[in-house]
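Visitor: Please take one part of this model and look at it closely. I would like the salt bridges along a helix, with the cut-offs stated.

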Amino acid sequence: MTTLPKITPSSTPRSISAPQSMSAVAMLYGAYPPTELTSTWDPVKFPSRINPLSPPPPRRRINSSWETVSQHHHNDKRRLAMQQREHERYHSAWAKPFYGPPADKEAYRRHFRQVLKQQMSDLDSRKAQELQSKVAESEAAVAYDQQCRSKDMNDSIKKFRYLKTFRDDNKYFMEETWRNNRHSKVMTDKYDRELMRYNPINWSGTLK
């Protein structure tokens, strides 16, 4: 026994919901004319979208009928009508600032003045942030340079003290060695003189 696939509801929900409110900056930087503009098209011309796998009553989808030509044709006509409405709404709005009443012209100019002011304000704030970041970077570089110079100075002092201690130790060692050698030579000479006095080489005195 074959079963029909699961029928989805007739109104397909949107995967991502539109935001409920927009900030003033986002509204200024948005597309012009805004999407809130109305159109002269009749909303009745845009019936709701139907699910091809679930035709609206009184029509029913049965096993012997799997064709969905009429449903797809209905959705395609709806798509074309909505595209035409958007084209008419968007492009007809551009005629108002040039050929419309003075209020529309002033609203058009006011919108772009506000956009220009917002861009200038954003540029100033971005420059201020960049300046602050550069100042912080410079301060960090100066602090790091001072730290490196202080470290180099401390290393130089440590090296000087180490070499001075090494030099003093070498000097002390050399002086001790010389002193010991002199003392050893003096004692050796004294021993030789005493030895020659008590045990001379020439007893008969013939060697002169």
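Guide: Lys151 is exposed, because its relative accessible area is 52% (exposed means over 50%, buried under 20%, partly exposed in between, with a 1.4 Å probe and protein chains only). Its partner is Asp155: the two form a salt bridge, with the closest N and O atoms 3.2 Å apart. The term means a side-chain nitrogen of Lys or Arg within 4 Å of a carboxyl oxygen of Asp or Glu. Asp155 is partly exposed, at 34%.

The model is predicted: local features need pLDDT of at least 70, side-chain atom pairs count only at pLDDT 80 or more, and totals for chains, interfaces and linings use all residues. Residues are numbered from 1 along each chain as its sequence is written, and side-chain values use heavy atoms, leaving out hydrogens and water.

Lys151 and Asp155 both lie in helix α4, four residues apart, about one turn of the helix. Helices are DSSP runs of H or I, at least four residues, numbered from the N terminus. An α-helix has 3.6 residues a turn, so residues three or four places apart point the same way.

Asp145 and Arg149 are also four residues apart in α4. They form a salt bridge, with the closest N and O atoms at 3.4 Å. Asp145 is partly exposed at 41%; Arg149 is exposed at 52%.

Arg167 bridges to Asp168, with 3.0 Å between the closest N and O atoms. Asp168 is partly exposed at 33%. The whole structure has seven salt bridges.

Helix α4 itself covers residues 102–198. Its buried residues are Tyr108, His111, Val115 and Gln118.

How values were computed
Helices (H or I, at least four residues) and strands (E, at least two) are DSSP runs, numbered from the N terminus. The expected span of a helix is 1.5 Å times one less than its number of residues.
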